[in-house]
Amino acid sequence: MTSTLALAEALAAGTVVLDGGMSNQLESAGYDLSDELWSARLLAERPEAITEAHLAYFEAGADVAITSSYQATFEGFAKRGIGHERAAELLALSVELARDAVSQARAEGIARPLWVAASVGPYGAMLADGSEYRGRYGLSVDELERFHRPRLEVLAGARPDVLALETVPDADEAEALLRAVRGLGVPAWLSYSVAGDRTRAGQPLEDAFAPAADADEVIAVGVNCCAPHDVAGAIETAVRVTGKPVVVYPNSGEAWDAETRAWDGRSSFATEQVRAWRASGARLIGGCCRVGPEAIGSIARTLAEAR
């Protein structure tokens with residue numbers, strides 16, 4: 001583990017700051033991510049760039065680095081001619097690179113507790129066609145569990161502090177993920193992508209959060225990569241249904257166009273909202289796509305003042 005304090009204990013004691021979008025930080029450093037592997041491509045080609053991105057967020061005030069494995073799957077790597085053994089190495093490397101950033105942060109004098117969350121994106125992220133924002137893939141829960149379990153085993157074997165089951169659009173996929181994390185020995189958080197008070201697949205959040213309430217592996221539930229204005233209602237529902245700490249890391253409020261593979265619209269992310277999110281029960285707070293180190297630094301300062 002990267003800190004002697006378990007993340008679950010930290011959440012019981014207060015609020016923890018998540019990092020921001022990995023892709024926009026890499027793009028701002030000049031890297032082209034316009035292919036199906038997205039930031040996962042750099043695991044093989046420029047791993048040091050990923051460590052630098054993590055470090056930028058730690059320097060800004062983040063306490064948790066979310067790994068670059070969101071779009072990293074055995075199937076996705078296979079499409080690029082990367083075999084199973086090498087794909088497993090790259091998945092484990094995503095955790096190692098985040099740990100390297102922790103070591104560099106320590107060398108710079110950053111002494112606060114730091115953690116590594118291994119990102120597990122939805123099935124639709126592998127398809128790279130925008131279906132992670134729709135769900136309803138035409139697969140059964142059993143099929144989705146079989147898809148997710150092998151990479152979860154590899155990521156868990158790399159010993160992150162937590163597994164981030166994130167940007168989940170569909171309650172059926174959440175059920176599959178909750179099955180797949182059983183027995184791995186690593187805690188997890190479950191985070192939906194939502195539109196209003198429903199998952200992207202259209203299920204009421206009240207129903208979608210319910211299975212996590214009894215999942216011992218799950219230390220937090222919430223939402224990510226949604227519009228900032230959808231966060232407050234989701235926090236209230238998650239607290240009421242599960243009683244667990246809530247994780248929130250919305251995107252900038254812009255919309256992703258899967259055809260052009262670009263963001264459209266204007267940012268509506270404002271760190272002034274963070275105090276209200278914390279007061280409502282959010283304990284893991286950060287940003288997702290298009291939210292960079294400057295915004296994460298503002299979140300960290302806002303939460304420090306609130307304490």
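This is a predicted model: local features need pLDDT of at least 70, side-chain atom pairs count only at pLDDT 80 or more; totals for chains, interfaces and linings use all residues.
**Sheet.** I began with the strand order. Eight strands form an open sheet, running β1-β12-β9-β8-β5-β4-β3-β2. The pairing is parallel. I then looked up the edges: β1 (16-17) and β2 (64-66) each pair on one side only.

**β5 and β8.** I next checked one pair inside that order. β5, residues 188-192, pairs with β8 in the parallel sense over five bridges. I followed Trp 189 across to β8, where its bridge partner is Ala 220.

**Helices on the sheet.** I found α10 lying across β5 and β8. The direction of α10 is at about 160° to β8. α12 also packs on the sheet, where it touches β9 and β12. I noted about 135° between the directions of α12 and β12.

**α11, length.** Does the span of α11 agree with or depart from 1.5 Å a residue? The helix has twelve residues, 231-242, so it should span 16 Å. Its end C-alpha atoms are 16 Å apart, which agrees.

**α11, buried side.** I listed the buried residues of α11: Val 231, Ala 234, Ile 235, Thr 237, Ala 238 and Thr 242. The spacing made me recall the helical repeat. An α-helix has 3.6 residues a turn, so residues three or four places apart point the same way.

**After α11.** I looked just past the helix. Gly 243 follows α11, and its phi is positive, near 70°.

Key:
Residues are numbered from 1 along each chain as its sequence is written. Side-chain values use heavy atoms; hydrogens and water are left out. Helices (H or I, at least four residues) and strands (E, at least two) are DSSP runs, numbered from the N terminus. The expected span of a helix is 1.5 Å times one less than its number of residues. Buried means under 20% relative accessible area, exposed over 50%, partly exposed in between (1.4 Å probe, protein chains only). Two strands pair if DSSP finds at least two bridges between them. Contact means heavy atoms within 4.5 Å. Axes are lines fitted to C-alpha atoms, for helices over the stretch in contact, and angles run from 0 to 180 degrees between N-to-C directions.
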